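Colleague: I am new to this structure and would like to learn how to read it. Could we take it one feature at a time?

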Amino acid sequence: FSGPVQHLHGDPNFKESLEETIGNHTFELVIAMYGRIRFEAEVMKRRTSRFIAATGCVYQEGAQQPILETAPLKTEPKFFQQIEVTEQLIMENHKRGEYSATILRFPSVYGPRQTIPQDYSVVKRILDGRKQFIIPDSGLVFSSMGFSDNVANAVLLAVDKSKECDGQIYNVRDDAQLTFRQRVELISNLMNYRLELVNIPFELARPSWPSITAVRWFDTE
């Protein structure tokens, strides 16, 4: 930063903590990317003119590619339902003029500084010298992916293009998408290693779930 930056430390999962931490501060822009964003959306109603929120791409199965922002969202289990509730709250605040809102539906992020390095599940098995790799449902499992720099760029575009992004919801992902099988094959080829891909029905392929997508962790009993 070009000058001093004030740090305010509080728990973004609780409305009371947010209100106590922020106090009387106001902001030109708020980018909500962590915690219970529905609480942040409420607390910031009197404190900012722009509110950008990062949620998730959680659509019902069978949505055609490319997925439109108007496609039906998943509401089960409860974790997914809360995403929809949060987005509705943000857009209601926008319509009431509380702030100008933009929602960015994030994909599974890969690349530098990602918080859940799911592709490392493939890399680690190769480094350990394992010969077989479980491929659920022939590796045709598909989830939206986004390179970390591209996802960051989407956030900065939302910041710079305030007029165009006013009241909009955007799916964020790379243009080119790979199936899980293609990702495994690409990584093994780059590491010059030959894996035997073992096809197992998805329900039985539990050891491979963390490699596929972080979202699936919330989607199973």
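Colleague: Let me start with the strands. Which residue in strand 7 does Leu104 stand opposite?

Modeller: Keep in mind that this is a predicted model. Leu104 stands opposite Tyr170 in strand 7.

Colleague: What does strand 2 pair with, and in which sense?

Modeller: Strand 2, residues 50-56, pairs with strand 3 in the parallel sense, over seven bridges. Within that pairing, Ala53 stands opposite Ile103 of strand 3.

Colleague: How many residues of strand 3 are buried?

Modeller: Strand 3 runs from residue 100 to 106, and seven of its seven residues are buried.

Colleague: Now the aromatic rings. How is a pair of them described?

Modeller: A pair of aromatic rings is described by how far apart the centres are and by the angle between the planes. A search of the whole structure finds three aromatic pairs. In one of them, the ring centres of Phe51 and Tyr99 are 5.0 Å apart and the planes are at 20°, so this pair is stacked.

Colleague: Which parts of the chain does that pair tie together?

Modeller: Phe51 belongs to strand 2 and Tyr99 to the loop between helix 3 and strand 3, so the pair ties together parts that are 48 residues apart in sequence.

Colleague: Is Phe51 buried or exposed, and is Tyr99 buried or exposed?

Modeller: Phe51 counts as buried because its relative accessibility is 0%. Tyr99 counts as buried too, at 4% relative accessibility.

Colleague: What kind of pair do Phe133 and Phe180 make?

Modeller: A tilted one, because the ring centres of Phe133 and Phe180 are 6.0 Å apart and their planes stand at 45°. The pair links distant parts of the chain, with Phe133 in strand 5 (residues 132-136) and Phe180 in helix 7 (residues 180-190), 47 residues apart. Both Phe133 and Phe180 are buried.

Colleague: Which rings have the charged end of an arginine over them?

Modeller: The ring of Phe14 has the charged end of Arg36 over it, 5.7 Å from the ring centre. The charged end of Arg38 sits over the ring of Phe39, 5.0 Å from its centre.

Colleague: Is Phe79 buried or partly exposed?

Modeller: Phe79, found in helix 3, is partly exposed, because its relative accessible area is 41%.

Colleague: What is the volume of the second largest pocket, and which residues lie nearest its centre?

Modeller: The second largest pocket has a volume of about 700 Å³. It is lined by 20 residues, and Leu8, Ile22, Phe27, Ile31 and Met44 lie nearest its centre. Helix 1 (15-22) and strand 1 (30-32) are the elements that give two or more residues to this lining.

Notes. Residues numbered from 1 in each chain as written. Predicted model: local features only at pLDDT ≥ 70, side-chain atom pairs only at ≥ 80, totals over all residues. Heavy atoms only, no water. Buried < 20%, exposed > 50% of the residue type's maximum accessible area, 1.4 Å probe, protein only. Helix = DSSP H or I, 4+ residues; strand = E, 2+ residues; numbered from the N terminus. Pairing = 2+ DSSP bridges. Phe/Tyr/Trp six-rings, centres within 6.5 Å; stacked < 30°, edge-to-face > 60°. Lys NZ or Arg CZ within 6 Å of the ring centre and 35° of its normal. 1 Å grid on protein atoms, 1.4 Å probe; cavity = no way out; pocket = protein on both sides within 12 Å on 5 of 7 lines; lining within 4 Å. Points joined across faces, edges and corners; volume = space filled by probe spheres on them.
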